[in-house]
Amino acid sequence: MITVHHLNDSRSQRILWLLEELGVDYAVEKYQRDPVTWRAPAGLRALHPLGKLPVIIDGDLTLAESGAIIEYILERYGQGRLVPPAGTPERLRYLYWLHYAEGSAMTPLLIKLIFDRIETGPAPFLLRPVVRGLARSANRAFAQPEIERHLDFLEAELGRSTWFAGEALTGADILLSFPAQIAAAHAGLDARRPRLTGFLQRVAARPAWQRALERGGPYQF
Ligand SMILES: N[C@@H](CCC(=O)N[C@@H](CS)C(=O)NCC(=O)O)C(=O)O
């Protein structure tokens with residue numbers, strides 16, 4: 001049986017969702033972020049050198065990286081589900097989004113989250129205005145405009161089909177759910193982008209997503 005090492009409020013929620021969509025049996029090993037630093041427990045480095053989640057264990061296999069985990073699970077347990085047929089345009093779109101989610105979309109969002117924390121976090125009294133001003137400027141000059149460009153792109157792409165790779169939900173939508181949820185919680189994604197908002201609503205309405213939330217515990221996005 002697959003064991004999913006899962007961190008609260010994190011990307012690993014997607015792996016639970018995927019397994020629920022497929023109806024594959026799994027166990028969850030839960031970890032909590034440090035409430036101040038937001039980091040995972042340091043002991044996780046015993047599981048994987050980077051100490052980040054998700055990580056899955058399946059028999060002798062230990063595998064990290066959400067995209068790789070999703071591809072592995074779909075290949076091993078998917079029986080063709082949640083992947084468009086090979087040789088179709090949908091399959092190429094699926095491939096693109098599978099890599100885009102972590103490879104492109106997450107970068108400016110992470111930069112914004114880090115600068116947001118600097119802007120609102122503790123800083124030595126005398127340096128505080130400078131530190132906070134720099135963080136605010138970096139967000140305004142770089143992170144937010146980049147995010148807006150990605151959100152405009154995603155909004156336009158959802159004009160082509162119901163889900164990102166076509167009319168059916170795929171593993172790529174599962175990967176893209178996290179950047180979209182982060183953007184809605186922290187980076188101004190709202191009803192002004194109705195297709196992306198609809199995407200998030202469709203995700204939230206899926207019974208498998210709701211079961212995954214019950215298994216995973218608190219998820220604040
Ligand atoms: N690209 C990796 C990123 C993994 C990652 O950064 N995970 C975060 C959770 S969203 C984490 O473990 N953060 C805790 C930490 O860095 O201490 C993936 O998609 O699996």
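Colleague: Is R193 buried or exposed?

Modeller: This is a predicted model, and every value I give is computed from it. The cut-off for a buried residue is under 20% relative accessible area. R193 has a relative accessibility of 11%, so R193 counts as buried.

Colleague: Which residue meets the side chain of R193 in a salt bridge?

Modeller: A salt bridge requires a side-chain nitrogen of Lys or Arg within 4 Å of a carboxyl oxygen of Asp or Glu. For R193 the N to O distance is 2.7 Å. The partner lies in helix α4, whereas R193 lies in the loop between α5 and α6, so the pair ties together parts that are 45 residues apart in sequence. The partner counts as partly exposed, at 27% relative accessibility, and this residue is E148.

Colleague: How many salt bridges are there by this rule?

Modeller: Side chains of opposite charge can pair when their charged atoms come close. Some of the pairs share partners, and R11, R14 and E102 are joined into one network in this way. By the rule stated, the count of salt bridges comes to twelve.

Colleague: How far apart in sequence are the parts tied together by R211 and E20?

Modeller: R211 forms a salt bridge with E20, and their closest N and O atoms are 2.9 Å apart. R211 is partly exposed, with a relative accessible area of 38%, while E20 is buried at 12%. R211 belongs to helix α7 (residues 207-216) and E20 to helix α1 (residues 13-22), so the separation in sequence is 191 residues.

Colleague: About how many helical turns separate D116 and K112?

Modeller: The side chains of D116 and K112 meet in a salt bridge, with 2.9 Å from N to O. K112 counts as buried, at 11% relative accessibility. D116 and K112 are four residues apart in helix α3, and the separation is therefore about one helical turn.

Colleague: Which side chain of opposite charge is nearest to R93?

Modeller: R93 is in helix α3, which covers residues 89-120. R93 is buried yet has no salt bridge. Leaving aside neighbours within four places in sequence, its contacts include R160, W163 and F164. The nearest side chain of opposite charge is 4.6 Å away, beyond the 4 Å cut-off, and belongs to E157.

Colleague: What is the volume of the largest cavity?

Modeller: Rolling a probe the size of a water molecule over the atoms shows where empty space is left. The lining of the largest cavity has nine nonpolar, one polar and no charged residues; among them are Y100, H150 and P179. Helices α3, α4 and α5 each supply at least two of the lining residues. The volume of the largest cavity is about 60 Å³.

Colleague: Which helix gives the largest share of the lining of the largest pocket?

Modeller: The largest pocket holds about 1,000 Å³ of space. It is lined by 33 residues, of which R11, R33, W38, K52 and L110 lie nearest its centre. The lining divides into 16 nonpolar, seven polar and ten charged residues. The largest share, seven residues, comes from α3.

Colleague: What distance separates the C-alpha atoms of A135 and R39?

Modeller: A135 lies in helix α4 and counts as buried, at 2% relative accessibility. Leaving aside neighbours within four places in sequence, A135 is in contact with F115, I118 and E119. A135 and R39 are 96 residues apart along the chain, and their C-alpha atoms are separated by 20 Å.

Colleague: What is the omega of the cis peptide bond that joins L53 and P54?

Modeller: P54 is found in the loop between β2 (26-31) and β3 (55-58). The peptide bond from L53 to P54 is cis, and its omega is about 15 degrees.

Colleague: What is the phi of L82?

Modeller: L82 lies in the loop between α2 (66-77) and α3. L82 is buried, with a relative accessible area of 14%. Although L82 is not a glycine, its phi is positive, at about 65 degrees.

Colleague: Near what value is the phi of D9?

Modeller: D9 is found in the loop between β1 (2-7) and α1. D9 is buried, with a relative accessible area of 3%. D9 is a residue other than glycine with a positive phi, and the value is near 50 degrees.

Definitions and conventions
Residues are numbered from 1 along each chain as its sequence is written. This is a predicted model: local features need pLDDT of at least 70, side-chain atom pairs count only at pLDDT 80 or more; totals for chains, interfaces and linings use all residues. Side-chain values use heavy atoms; hydrogens and water are left out. Buried means under 20% relative accessible area, exposed over 50%, partly exposed in between (1.4 Å probe, protein chains only). Lys and Arg count as positive and Asp and Glu as negative; His and the chain ends are not counted. Contact means heavy atoms within 4.5 Å. On a 1 Å grid over the protein atoms alone, a cavity is a set of points where a 1.4 Å probe fits but cannot get out, and a pocket is an open set with protein on both sides within 12 Å along at least five of seven lines; lining residues have an atom within 4 Å of a point. Grid points are joined across faces, edges and corners, and a volume is the space filled by probe spheres set on the points. Ala, Val, Leu, Ile, Met, Phe, Trp, Tyr, Cys and Pro count as nonpolar, Asp, Glu, Lys and Arg as charged, and the others, Gly among them, as polar.
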